[in-house]
Amino acid sequence: MQRRNFLKKTGLGATGIVATPLLSSWKIAPQHITTEENTQSVIPLAVCTWNFENATAKAWEVLNSGGSALDAVEQGVMIEEADESNQTVGKGGRPDRDGNVTLDACIMDKDGNCGSVVYLQNIVHPVSVARKVMEETPHVMLAGKGAEQFAYEKGFQKENLLTERSKRDWLKWKEKSQYETIINIENHDTIGMLTIDKNGDIAGACTTSGMAYKVGGRVGDSPIVGAGLFIDNEIGGATATGVGEEVVKTVGSFLIVELMRQGKSPQEACEEAVNRIIAKNKNHDTFQVGFLAINKTGEVGSYCIHPGFSYRKYTEEGHTNNPSSSHYKAE
Ligand code: SD4
């Protein structure tokens, strides 16, 4: 990362908390922001979609104590899964149109191993079930009842994920007799996280309750390896947030990693992935899709389609989760 840009992004200085680009909350080792020589190396690193600072703080804690990128990314996203005030991930997530909270998650390690759960109910930490799938089965993906049963066998507890607040919101939504799938452009703050540990190894995770009031059975991009998340330890990693259907159609995260392999920076690769979605959608100004990527040296990029503001990227220092903030400039 060039020093000029790097320092611009490290406006918060000594804490090591870096200003939020379009979607993400970053943490970079403080020692890496002090000297010219160190600016080339920005590991360890934890970065995630949106402004989930508690999640990156947790991941950072793990990395800072010498933990692996995999442990950091799991423990980081678990913060949001357990946070009932977050209505887009884990417990407290908004249900489908029938009132069922169904979760999707995946995780990927430095060796290209991955695990995923889709349409998982009654379990607070789908990312940890996904990790068990990765480490303790010969499979990559478990779905629905099978995934839930597997979780119980591994010691996970059954828990009601529908909080009073999410239930109230859902009932209110039903009153308006919108018993149809809407593309929910604002209420989706899926957490996708990418980490690099002190050894330079990369891991990633993505976890969500998906689109609010979706058709029962719907699965988005977040648990689909290559779409919602992809890691190649030689190159970098990418993750997605927003309307999963569009991400799946482009196999967005895999695409970004492959573009980085061809020499693009994380920022350029994210922009290209978004531009492909735009090119294929006349109605691209009606939905939100965003990508976040890192490369092996810890450069970070992010880019997003946002209705009303269109193609946005981080252009100056600042820290906000408000998509209409002046820290983001439409091109
Ligand atoms: C999905 N991509 O299920 C997820 C939703 C999301 O930010 O990212 N929300 O389509």
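Predicted model: local features only at pLDDT ≥ 70, side-chain atom pairs only at ≥ 80, totals over all residues.
Accessible areas here come from the Shrake-Rupley method with a 1.4 Å probe, and with that in mind, the chain exposes about 13,000 Å², of which carbon and sulfur atoms supply 48%.

Let me start with the chain as a whole. There are 9 helices and 14 strands in the chain, and of its 331 residues, 58% are buried. If we take the contacts in the chain with a separation of 6 or more, residues 24 or more positions apart account for 63% of them.

Now to the ligand. Which residues come nearest to the ligand? There are 12 residues around it, and T190, R218, D221, T241 and G242 are the ones that come nearest. In the side chain of D221, an N or O atom lies 2.5 Å from a nitrogen atom of the ligand, while in the side chain of T241 an N or O atom is found 2.6 Å from an oxygen atom of the ligand. On its own the ligand has 280 Å² of accessible area, and the protein covers 100% of that area. The space that the ligand takes is also the largest cavity.

One residue I would like to show you next is S222, which sits in the loop between strand 8, residues 202-208, and strand 9, residues 229-232. Is S222 buried or exposed? Its relative accessible area is 3%, and because the cut-off for buried is under 20%, S222 counts as buried. Setting aside residues up to four places away in sequence, S222 touches C106, T190, C206, T208 and G228, and T190 is one of the residues that come nearest to the ligand.

From there, let us move to helix 8, which covers residues 252-261. Why can we describe helix 8 as largely enclosed by the rest of the structure? The reason is that 7 of its 10 residues are buried, and these are G252, S253, L255, I256, V257, L259 and M260. The buried residues of helix 8 pack against strand 9, strand 10 (236-242), helix 7 (244-250), helix 9 (266-280) and strand 11 (289-295).

R261, which also lies in helix 8, is partly exposed, with a relative accessibility of 37%. Apart from its neighbours within four places in sequence, R261 is in contact with D232, E234 and I235. R261 and N295 are 34 residues apart along the chain, and their C-alpha atoms are separated by 9.2 Å. After helix 8 comes G263, with a positive phi near 115 degrees.

Most residues other than glycine have a negative phi. Y119, however, is not a glycine and has a positive phi of about 50 degrees; Y119 lies in strand 5, residues 114-120, and is partly exposed, with a relative accessible area of 22%. N122, also a residue other than glycine, has a positive phi near 70 degrees, and N122 is found in the loop between strand 5 and helix 4, the latter being residues 126-136. At 19% relative accessibility N122 counts as buried, because the cut-off is under 20%.

Technical notes:
Residues numbered from 1 in each chain as written. Heavy atoms only, no water. Helix = DSSP H or I, 4+ residues; strand = E, 2+ residues; numbered from the N terminus. Buried < 20%, exposed > 50% of the residue type's maximum accessible area, 1.4 Å probe, protein only. Contact = heavy atoms within 4.5 Å. Near = heavy atom within 4 Å. Polar contact = N/O pair within 3.5 Å; in protein donor to acceptor, adjacent residues only side chain to side chain. 1 Å grid on protein atoms, 1.4 Å probe; cavity = no way out; pocket = protein on both sides within 12 Å on 5 of 7 lines; lining within 4 Å. Sits in = over half its atoms within 2 Å of the grid points.
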